[in-house]
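The report below concerns the site where a ligand is held and the annotations that fall around that site.

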Amino acid sequence: MHPVTICPSILSGDFSALGSECRALAEAGSDWVHVDVMDGHFVPNLTFGPQMCAVLRPHIQGTMDVHLMIAPVDPYVEAYAKSGADILSAHIEAGPHVHRTLQAIRGTGCKAGLAINPGTGLDAVAHLLDDIDLVNVMGVNPGFGGQKLIPATIAKVRQLRAMIADRPIRIQVDGGVNARTIHALASAGADLLVAGAAVFEGGPEAYRRNIESLRATAEGVLA
Ligand code: DX5
Ligand code: ZN
């Protein structure tokens with residue numbers, strides 16, 4: 001099993017106070033914030049533009065991980081990179097030229113993530129392994145937090161881990177990660193576990209406890 005990072009998804013935070021939510025995550029010991037960008041077209045919800053990412057950046061400690069659920073992607077890569085993202089993930093389903101998108105992302109200096117929906121197989125990923133730093137395996141159909149993990153995700157992660165072999169590519173699972181599912185996902189080979197509802201439950205005073213217990217459960221300490 002790989003060391004696990006919990007990636008809190010700010011989508012489940014209080015939208016009226018996102019700066020202080022990011023600071024509360026840092027105070028809770030998290031050095032990662034996952035930002036879900038939705039366009040109301042590729043997914044049926046609307047969230048953060050690049051300007052919002054830019055104003056949040058100073059409140060984020062460590063990695064700003066921007067998950068682009070938008071189509072087209074290419075016209076916005078530069079703006080999100082300039083907003084201070086460390087990682088930009090684009091969906092394989094968002095257009096016909098994902099290879100070009102991944103090159104554009106790396107060209108900005110950001111790490112490149114490839115996100116794949118539950119209905120998408122791993123075949124296409126095999127041709128992109130030299131062009132990515134992480135794969136975001138969606139555990140739910142993207143658009144909303146608080147959904148239930150699609151169980152087939154676990155086998156998909158296991159297969160992807162074998163496909164990646166010893167390449168330095170991280171496997172992120174996004175959607176439906178909680179105390180009940182995280183150990184199976186980490187055991188299958190996921191090392192970046194996005195969690196929205198499971199981190200933000202209980203408000204800021206619970207964030208540290210939620211994150212630490214998710215990590216411990218993932219690694220089998222509490223499983
Ligand atoms: C779903 C988003 C996820 C979501 C995860 O479209 O990409 O990042 O916020 O939320 P939970 O952990 O609540 O399933
Ligand atoms: Zn996400």
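A backbone N or O atom of Gly176 lies 2.9 Å from an oxygen atom of ligand 1, and two further polar contacts of the ligand are set beside this one in the table, where a polar contact is a pair of N or O atoms within 3.5 Å; within protein, one atom must be able to donate a hydrogen and the other to accept it, and residues adjacent in sequence count only if both atoms are side-chain atoms.

| Residue | Atom of the residue | Distance to an oxygen atom of ligand 1 |
|---|---|---|
| Ser9 | polar side-chain atom | 3.0 Å |
| Gly176 | backbone N or O atom | 2.9 Å |
| Gly196 | polar backbone atom | 2.7 Å |

Of the 380 Å² of accessible area that ligand 1 has on its own, the protein covers 99%; such areas come from the Shrake-Rupley method with a 1.4 Å probe, and for residues only the protein chains shown count as cover.

This is a predicted model, in which local features need pLDDT of at least 70 and side-chain atom pairs count only at pLDDT 80 or more, whereas totals for chains, interfaces and linings use all residues. Residues are numbered from 1 along each chain as its sequence is written, chains are lettered from A and ligands numbered from 1 in the order in which they are written, and side-chain values use heavy atoms, with hydrogens and water left out.

The shell around ligand 1 holds 20 residues, of which Asp36, Gly143, Gly146, Asp174 and Gly196 come nearest; a residue is near a molecule or strand if one of its heavy atoms lies within 4 Å of it. By class, the shell has 9 nonpolar, 9 polar and 2 charged residues, with Gly counted among the polar ones. At least two residues of the shell are supplied by each of β2 (32-38), β3 (63-69) and β8 (192-195), and the largest share, 3 residues, comes from β2. Helices (H or I, at least four residues) and strands (E, at least two) are DSSP runs, numbered from the N terminus.

The space taken by ligand 1 is the largest pocket. On a 1 Å grid over the protein atoms alone, a pocket is an open set of points where a 1.4 Å probe fits, with protein on both sides within 12 Å along at least five of seven lines, and lining residues have an atom within 4 Å of a point; a molecule sits in a pocket if more than half of its atoms lie within 2 Å of its grid points.

The UniProt annotation "active site", from an unreviewed entry, covers Asp36 and Asp174. Although spread over 139 residues of sequence, they cluster in space, with a largest C-alpha distance of 10.2 Å. UniProt also places a "binding site" feature (unreviewed entry) at His34, Asp36, His67 and Asp174; these span 141 residues in sequence, yet no two of their C-alpha atoms are more than 10.2 Å apart, so they gather at one spot. From this set, the lining of the largest pocket takes in Asp36, His67 and Asp174. Asp36 lies in strand β2, and His67 in strand β3. Such annotations may be inferred rather than shown by experiment.

Most residues other than glycine have a negative phi, and most peptide bonds are trans. The peptide bond from Ala71 to Pro72 is cis, with omega near -5°, and Pro72 lies in the loop between β3 and α3 (77-82). Ala165, in the loop between α5 (152-164) and β7 (170-174), has a positive phi, near 50°.
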